[in-house]
Amino acid sequence: MNNTSGSSYTAKLTDGPLEGKTISIEFLPSGEAKPSIEVPVDEGKSYLYVRAGMEEFDAEDSDRPTAVGYRYRTTTYS
């Protein structure tokens, strides 16, 4: 389990206003998937999604997922 190739993964948005969409996300410096992501949609408005635990791997020996599921949490305004 030493495969650390790739600096990004696919975030699958499983529900909420962006249900079914996917976006590319950079791993944290530690190599972990982000626990939450904020997706800007309009000026001053974004959707907050939190990690849902679903992970997909391309290879059995990979320690980094290629895709992670996220669930809608809230809309934020700035």
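Biologist: How many aromatic pairs does the count come to here?
Modeller: The count comes to three aromatic pairs. Please note that this is a predicted model.

Biologist: What sort of pair do Tyr-9 and Phe-27 form?
Modeller: Tyr-9 and Phe-27 form a tilted pair, with 4.8 Å from centre to centre and 45 degrees between the planes. The two residues are 18 residues apart and link distant parts of the chain. Tyr-9 belongs to strand 1, whereas Phe-27 sits in the loop between strand 2 and strand 3.

Biologist: Are Tyr-9 and Phe-27 buried or exposed?
Modeller: Both Tyr-9 and Phe-27 are buried.

Biologist: And what lies over the face of Phe-27?
Modeller: That is Arg-64, at 4.6 Å from the ring centre of Phe-27.

Biologist: What about Tyr-47 and Tyr-72, how are those rings arranged?
Modeller: Tyr-47 and Tyr-72 form an edge-to-face pair, at 6.0 Å centre to centre and with 75 degrees between the planes. This pair also links distant parts of the chain, since Tyr-47 is in strand 4 and Tyr-72 is in strand 5, 25 residues apart.

Biologist: Why does Tyr-47 count as buried?
Modeller: Tyr-47 counts as buried because its relative accessibility is 12%, and the cut-off for buried is under 20%. Tyr-72 has a relative accessible area of 29%, so Tyr-72 is partly exposed.

Biologist: Which residues form one aromatic cluster with Tyr-47?
Modeller: Tyr-49 and Tyr-72 form one aromatic cluster with Tyr-47.

Biologist: Changing topic: how many residues has the largest nonpolar core?
Modeller: The largest nonpolar core has 13 residues. Those with the most contacts inside this core are Tyr-9, Leu-13, Leu-18, Ile-37, Tyr-49 and Tyr-70.

Biologist: Which strands supply at least two residues each?
Modeller: Strand 1 (8-13), strand 3, strand 4 (45-56) and strand 5 (67-77) each supply at least two residues of the core. Strand 1 gives the most, with three residues.

Biologist: Which residues does Leu-18 touch, leaving out those up to four places away in sequence?
Modeller: On that basis, Leu-18 touches Leu-13, Val-39, Val-41, Tyr-47 and Tyr-49. Tyr-47 and Tyr-49 are also members of the aromatic cluster discussed above.

Biologist: One more: where is the place of Pro-29?
Modeller: Pro-29 is in the loop between strand 2 (22-26) and strand 3 (36-42). Phe-27 is likewise in the loop between strand 2 and strand 3.

Biologist: Is Pro-29 buried or exposed?
Modeller: Pro-29 counts as exposed because its relative accessibility is 88%. The C-alpha atoms of Pro-29 and Gly-6 are separated by 12 Å, and these residues are 23 residues apart along the chain.

Notes
Residues numbered from 1 in each chain as written. Predicted model: local features only at pLDDT ≥ 70, side-chain atom pairs only at ≥ 80, totals over all residues. Heavy atoms only, no water. Helix = DSSP H or I, 4+ residues; strand = E, 2+ residues; numbered from the N terminus. Buried < 20%, exposed > 50% of the residue type's maximum accessible area, 1.4 Å probe, protein only. Core = buried A, V, L, I, M, F, W, Y, C linked by side-chain atoms within 4.5 Å. Contact = heavy atoms within 4.5 Å. Phe/Tyr/Trp six-rings, centres within 6.5 Å; stacked < 30°, edge-to-face > 60°. Lys NZ or Arg CZ within 6 Å of the ring centre and 35° of its normal.
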